[in-house]
Amino acid sequence: MSTSWKAGIPAPSDDDLNKCVACGLCLPHCPTFRVTGKETASPRGRIAAMRAVSEGRAPVVGDFTVMTDECLSCRACEAACPSGVPYGRMIEAARAQTEAVRTGPGKAKRRIITGVIARPRMLRAAAWGIATAQVLRLDHLLPSGLRMATPRITFRDLRTPLPQAAGEGPVAMMLVGCVMDVAFRPVHQATARALVRAGYRVVVPDRGGCCGALAAHAGEIESARTLARERIAQFEDADIIVVDSAGCSAHMNTYAELLADDPEWHARALKFETRVCDAVQIDAPGARLIEGRVAVHDACHHLQAQGIGPEVRRTLRQAGATPIDLGDGGRCCGAGGLYAALEPEMAATLGEQKARAIISTGAPVVAVANPGCAIQIRAHLEALGSDVEVRHPLEIVD
Ligand code: SF4
Ligand code: SF4
């Protein structure tokens with residue numbers, strides 16, 4: 001568990017830091033190390049920097065901030081580490097430290113993005129603006145990194161209603177979310193139908209509500225805590241809480257950690273976490289038989305954070321499809337929450353690598369269960385002139 005650094009701001013704990021024996025076995029699994037070859041862009045280097053800050057040998061501003069900003073939070077290092085170093089919570093605590101002292105345009109950019117995402121009405125208004133700009137091709141005036149990181153939003157998506165309550169059985173309440181709500185409602189529709197096929201009564205809140213993952217990844221810790229409390233209160237009556245975004249389900253399973261300093265909410269968060277269920281974990285028969293090859297991109301927040309991977313393949317096989325692995329060891333696509341908008345060069349390198357791996361399978365469609373990955377992969381496939389379709393696994397079998 002993170003210890004407090006300044007009032008209310010966590011920091012990597014000594015226990016967590018001391019687990020790292022600097023063996024370097026995580027280095028070949030780290031995307032930023034593979035691209036740069038630099039120790040400062042590796043998990044071992046970042047942990048050493050956290051230790052230097054913790055011991056007062058280095059300031060938070062400067063190199064430490066650069067090193068943490070360049071990390072994707074993909075947690076491939078955590079999955080590979082034989083010593084059980086909990087890197088995910090360490091980097092989130094390190095991000096909270098850097099955000100506590102960050103000033104200038106970088107701070108403003110993060111505040112604006114996370115502020116809009118946390119407010120459903122403001123986000124929907126922004127989404128209409130993005131859709132209009134994309135129709136008029138005004139988005140081409142944006143720097144290419146920012147354009148690639150912006151979701152493709154159509155007026156049809158924005159007019160798609162949320163799923164209606166349906167089915168009989170235990171109550172499955174769906175997270176409407178933020179980016180999922182404005183750009184991926186067809187995924188919500190497919191998820192709701194899968195839940196009915198699986199024997200649940202589907203209940204959908206009538207408006208969006210962010211889980212706080214993007215705020216937490218950006219180090220906006222108080223905003224992340226506020227959103228966690230809102231979601232816990234919103235889902236009190238659910239038998240299960242169904243989440244069709246890998247990044248959101250992974251984050252919602254860390255609410256107790258996030259609210260560790262608040263006994264009442266910590267206890268509620270522990271109960272909440274037992275009911276969180278990623279949509280691909282629901283054993284729902286496919287709505288139709290589909291034949292053919294489907295490439296599978298494993299989102300880091302599925303594979304590395306939750307060990308989810310076989311479930312996506314099982315879902316596709318049940319419907320008759322042949323899932324195809326990408327053969328890149330599940331490497332991060334470079335989306336990383338707000339990463340693609342904030343670190344466009346590294347994100348572009350990794351996005352192009354991922355798109356090429358997908359194209360090389362020869363499959364006409366790729367299963368992607370996270371909105372950030374879907375936005376990033378779709379943009380890079382299009383940039384390479386590919387017409388491979390990007391779909392959530394439940395949309396494919398719907
Ligand atoms: S994080 Fe784990 S694998 Fe990486 S250097 Fe430390 S102990 Fe070794
Ligand atoms: S989270 Fe990903 S990018 Fe960051 S150090 Fe670990 S493997 Fe590297």
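**Sheets, helices and ligands**

A: One open sheet holds four strands in the order β4-β3-β5-β6, and their pairing is parallel. Here strands (E, at least two residues) and helices (H or I, at least four residues) are DSSP runs numbered from the N terminus, and two strands pair if DSSP finds at least two bridges between them. The model is predicted: local features need pLDDT of at least 70 and side-chain atom pairs count only at pLDDT 80 or more, while totals for chains, interfaces and linings use all residues. Residues are numbered from 1 along each chain as its sequence is written, and chains are lettered from A and ligands numbered from 1 in the order in which they are written.

Q: How many bridges join β3 to β4?
A: Three bridges join these parallel strands, and A172 has V202 in β4 as its bridge partner. Strand β3 (residues 171–174) also pairs in the parallel sense with strand β5 (residues 240–243), over three bridges. In that pairing, M173 has I241 of β5 as its bridge partner.

Q: What about β5 and β6?
A: Strand β6 (residues 276–278) runs parallel to β5 and is joined to β5 by three bridges. V242 stands opposite C277 in β6.

Q: Which strands does helix α12 lie across?
A: Helix α12 (residues 185–197) lies across β3, β4 and β5, and runs at about 170° to β3. Contact means that the C-beta atoms of two residues, placed from the backbone, lie within 7 Å.

Q: Changing topic: what is the strand order in the sheet with β7?
A: That open sheet has four strands in the order β8-β7-β9-β10, with parallel pairing. β8 (322–325) and β10 (389–391) each have a single partner strand, so one side of each is without a neighbour in the sheet. From one strand to the next the twist averages 35°. Strand β7 (residues 293–296) pairs with β8 in the parallel sense over four bridges, and A295 stands opposite I324 in β8.

Q: At what angle do helices α14 and α17 pack?
A: Helix α14 (residues 221–234) and helix α17 (residues 263–275) pack at about 60°, with their axes 10 Å apart. The two are therefore oblique to each other; angles under 35 degrees count as roughly parallel, over 145 as roughly antiparallel, 65 to 115 as roughly perpendicular and the rest as oblique.

Q: Which residues make the contact?
A: From α14 they are A228, R229 and I232, and from α17 they are W265, R268, A269 and F272. They divide into five nonpolar, no polar and two charged, where Ala, Val, Leu, Ile, Met, Phe, Trp, Tyr, Cys and Pro count as nonpolar, Asp, Glu, Lys and Arg as charged, and the others, Gly among them, as polar.

Q: Now the ligands: which residues come nearest to ligand 1?
A: Of the 14 residues around ligand 1, these are C20, C23, C26, C81 and S83. A residue is near a molecule if its C-beta atom, placed from the backbone, lies within 6 Å of it. Helix α3 (residues 43–54) gives the largest share of this shell, three residues. The shell divides into 11 nonpolar residues, two polar and one charged.

Q: And which come nearest to ligand 2?
A: C30, P43, C71, C74 and C77 do, of the 14 residues around ligand 2. The elements giving two or more residues to this shell are α2 (31–36), α3 and α5 (76–80). Nine residues of the shell are nonpolar, three polar and two charged.

Definitions and conventions: Axes fitted to C-alpha atoms, helices over the stretch in contact; angles between N-to-C directions.
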